[in-house]
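Here is a short briefing on helix packing and aromatic side chains. Look over the structure before reading on.

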Amino acid sequence: MNNQLEEVKSLLAQLHLTTIHDTLDDQLAPAVQENLSCLEFLHRILKREAESRDDKSLSRRMRQAGFPEIKTIDEFDFGFQMSIDKRQVVQLMDMTWLEQAFNLIFIGPPGVGKSFLSIALGAQAVKLGYHVAFVTMDELIKILKTEAILVNSKRKLKQILASDLVIIDEVGFLPISRQEANMFFQLILNLYQKTSVIITSNKGFDEWIDFLGDPVITTAILDRLLHNSELFNMTGDSYRLKHRSTIFKDLKGGIGGHDQPGG
């Protein structure tokens, strides 16, 4: 019996059925106690194997996406951010727009939730089986400039081009050169009508010329991004500033016990 069990484990290892291999001993006794048929037992262990593979695949795709942190729509404070319609955002969660290579563009000042929403949508896309790449504009420019000489940059660019959704965060925070703007245009051109793009930017479109540095390239980029796109103009106060933490929890009972800070 033991020899047969070890042979079965060996076969499971050869077939790369790792979850069944690692849990077989623990599953045999309950199967006997529950008087499971051969088919029922086979169904149980194969189902666990499939679930384990799905979980590992999800974790791998989440990791590969490169999110700075994971956010969900349920965590977003629509009561604080009134400039965006919750129903529209919830409707986006089914990802039908990805199938049509639609783009989403979130524009607004810092702290209003642009990056939060882009990550939440990206994470939902990963959960539904899509491949997602998240990158800041500054990181993207570095990748584009070094992909010919750095293996990591070449690998990251390949991942971006193979993704179903590319999220480019913080577009417009730093000006870029005309050469870099042309590289950015070439990327957008490669993604155009094949891959959905989410852009977050603190600049209105009339300001894009300022940081891209060339009106012709700017027009060409916006022409492709805005074709088949949904625009969200987000306004209001910064959520981070509104809910900022302070080291002075209780000023009256603060450092030194003074009612006011010293002169």
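Phe106 counts as buried, at 1% relative accessibility, where buried means under 20% relative accessible area with a 1.4 Å probe and protein chains only. The model is predicted, so local features need pLDDT of at least 70 and side-chain atom pairs pLDDT 80 or more, while totals for chains, interfaces and linings use all residues. Residues are numbered from 1 along each chain as its sequence is written, and side-chain values use heavy atoms, without hydrogens and water.

**Aromatic pairs**

- The whole structure holds 5 aromatic pairs, counted when ring centres of Phe, Tyr or Trp (its six-membered ring) lie within 6.5 Å.
- Phe76 and Phe116 pair edge-to-face (planes over 60 degrees apart), because their planes stand at 65 degrees, with centres 5.3 Å apart.
- Both Phe76 and Phe116 are buried.
- Phe106 and Phe232 are stacked (planes under 30 degrees apart), because their planes are at 15 degrees, with centres 4.9 Å apart.
- Phe106 lies in strand β1 and Phe232 in strand β5, so this pair ties together parts 126 residues apart in sequence. Strands are DSSP runs of E, at least two residues, and helices are runs of H or I, at least four, numbered from the N terminus.
- Phe232 is buried too, with a relative accessible area of 6%.
- Phe205, Trp208 and Phe211 form a cluster linked by ring pairs.

**Helix packing**

- Helices α1 (residues 2-14) and α2 (residues 18-33) pack at about 145 degrees, with axes 9 Å apart. Axes are lines fitted to C-alpha atoms over the stretch in contact, and angles run from 0 to 180 degrees between N-to-C directions.
- Contact residues (heavy atoms within 4.5 Å) include Leu5 and Val8 of α1 and Ile20 and Leu24 of α2.

Conventions. Buried < 20%, exposed > 50% of the residue type's maximum accessible area, 1.4 Å probe, protein only.
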